[in-house]
Amino acid sequence: MLSEPALADIAAAGWTLQTDLPGGHSGLMASMVELGGSSCYWTSDGGDVPFWYGQVAMDESTWNAKRAELTAAGYIESDEPFTATLLGARWGDDNPALVNRDGVTFYVSQPSYLASVAGLQ
């Protein structure tokens, strides 16, 4: 799901992969799992969560409905780091971002992490 350089950076930082998803601050990742998607996150030695990742297959009509729902909830559309990125409000260290490409919606906890997603390379 992530590029090899991103995985190497995560390993070098000493982050630990977690798969028991607590849902993220908005529950968005939990809802993606309910739709059949996958999710995970990495924690640092102190237990902080530095990186959330999720993905789920979404056809165009499902994505359009989700995008409308998120926009109504305050997400804004940006072309950074990718065209049609949806950015959520910053919450603590999290600044959620989503992109839908080729029928897959990708979620990360920081917009810059989208560059680490293999499906967006």
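Visitor: A polar contact is a pair of N or O atoms within 3.5 Å; within protein, one must be able to donate a hydrogen and the other to accept it, and residues adjacent in sequence count only if both atoms are side-chain atoms. So what does the side chain of Ser 109 reach?

Guide: The backbone nitrogen of Trp 52, at 2.9 Å. Keep in mind that this is a predicted model, where local features need pLDDT of at least 70 and side-chain atom pairs count only at 80 or more, while totals for chains, interfaces and linings use all residues. Residues are numbered from 1 along each chain as its sequence is written, and side-chain values use heavy atoms, leaving out hydrogens and water.

Visitor: Is Ser 109 buried or exposed?

Guide: Buried, at 1% relative accessibility (buried is under 20% relative accessible area, exposed over 50%, partly exposed in between, with a 1.4 Å probe and protein chains only). Ser 109 sits in the segment after E7, and among the residues it touches are Pro 50, Phe 51 and Asp 94 (contact means heavy atoms within 4.5 Å).

Visitor: What order do the strands of the sheet have?

Guide: E1-E2-E3-E7-E6-E5-E4, seven strands in an open sheet with antiparallel pairing. Strands (E, at least two residues) and helices (H or I, at least four) are DSSP runs numbered from the N terminus, and two strands pair if DSSP finds at least two bridges between them.

Visitor: Which ones are the edge strands?

Guide: E1 (16-18) and E4 (76-78), which each pair on one side only. Further in, E6 (residues 97-101) and E7 (residues 104-108) share five bridges, and Ala 97 stands opposite Val 108 in E7.

Visitor: Switching topic: what does helix H3 lie across?

Guide: H3 (residues 60-72) lies across E4, E5 (85-87), E6 and E7, at about 30° to E5 (axes are lines fitted to C-alpha atoms, for helices over the stretch in contact, with angles from 0 to 180 degrees between N-to-C directions).

Visitor: How many salt bridges does the structure hold?

Guide: One. Glu 69 and Lys 66 form that link at 3.3 Å, N to O, and both lie in H3, three residues apart, about one turn of the helix. A salt bridge puts a side-chain nitrogen of Lys or Arg within 4 Å of a carboxyl oxygen of Asp or Glu.

Visitor: Which relative accessibility does each have?

Guide: Glu 69 has 47%, so it counts as partly exposed. Lys 66 has 13%, so it counts as buried.

Visitor: And Leu 70, what does it touch?

Guide: Leu 28, Tyr 75, Leu 86 and Leu 98, not counting residues up to four places away in sequence. Leu 70 is also in H3 and is buried, at 6%.
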